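Here are my notes on the charged side chains in this model. Please read them with the structure open.

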Amino acid sequence: MERLNRFVARVNLGGKILAVHVPNTGRLAELLIPGTPVVLVPSPGKYPYKIQYVMYKNRPVLIDSILSNGIFRDCMAAH
């Protein structure tokens, strides 16, 4: 629904409005648009969920910067 600050967004999960963690401090203005579907995963922190993917042009875009760094490292090590 909206990004409240760099670390928190508000989402509608089955009619329930929840605050969730945003694991990326970047602007993400072209991705985090009200009404855009997101993929949530459970979060052990302050919020029950975090956004892991944002749907963009019918494709999931990974926004979790910790995971993306690990994936990049693994890809570089494989080549």
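1. Start with Arg73 and Asp74. Their side chains meet in a salt bridge, at 3.4 Å from N to O. Keep in mind throughout that the model is predicted.

2. How exposed are these two partners? Arg73 has a relative accessible area of 54%, so it counts as exposed because the cut-off is over 50%. Asp74 comes to 46% relative accessibility and is therefore classed as partly exposed.

3. How many salt bridges does the whole structure hold? A search finds three. The pair above is one of them.

4. Lys50 and Asp64 form another salt bridge, with 2.8 Å between the closest N and O atoms. This pair links distant parts of the chain, 14 residues apart. Lys50 sits in strand β5 (residues 49-56). Asp64 lies in the loop between β6 (59-62) and α1 (65-78). Is Asp64 buried or exposed? Asp64 is buried, at a relative accessible area of 2%.

5. Glu2 forms a salt bridge with Arg10, the closest N and O atoms being 2.6 Å apart. The two side chains also make a polar contact, at 2.6 Å. Both residues are partly exposed: Glu2 has a relative accessible area of 38%, and Arg10 has 29%.

6. Now the surroundings of Glu2. Glu2 belongs to strand β1 (residues 2-3). Setting aside neighbours within four places in sequence, Glu2 is in contact with Ala9 and Arg10. Ala19 is 17 residues from Glu2 along the chain, and their C-alpha atoms are separated by 9.7 Å.

Note on methods
Residues are numbered from 1 along each chain as its sequence is written. This is a predicted model: local features need pLDDT of at least 70, side-chain atom pairs count only at pLDDT 80 or more; totals for chains, interfaces and linings use all residues. Side-chain values use heavy atoms; hydrogens and water are left out. Helices (H or I, at least four residues) and strands (E, at least two) are DSSP runs, numbered from the N terminus. Contact means heavy atoms within 4.5 Å. A polar contact is a pair of N or O atoms within 3.5 Å; within protein, one must be able to donate a hydrogen and the other to accept it, and residues adjacent in sequence count only if both atoms are side-chain atoms. A salt bridge is a side-chain nitrogen of Lys or Arg within 4 Å of a carboxyl oxygen of Asp or Glu. Buried means under 20% relative accessible area, exposed over 50%, partly exposed in between (1.4 Å probe, protein chains only).
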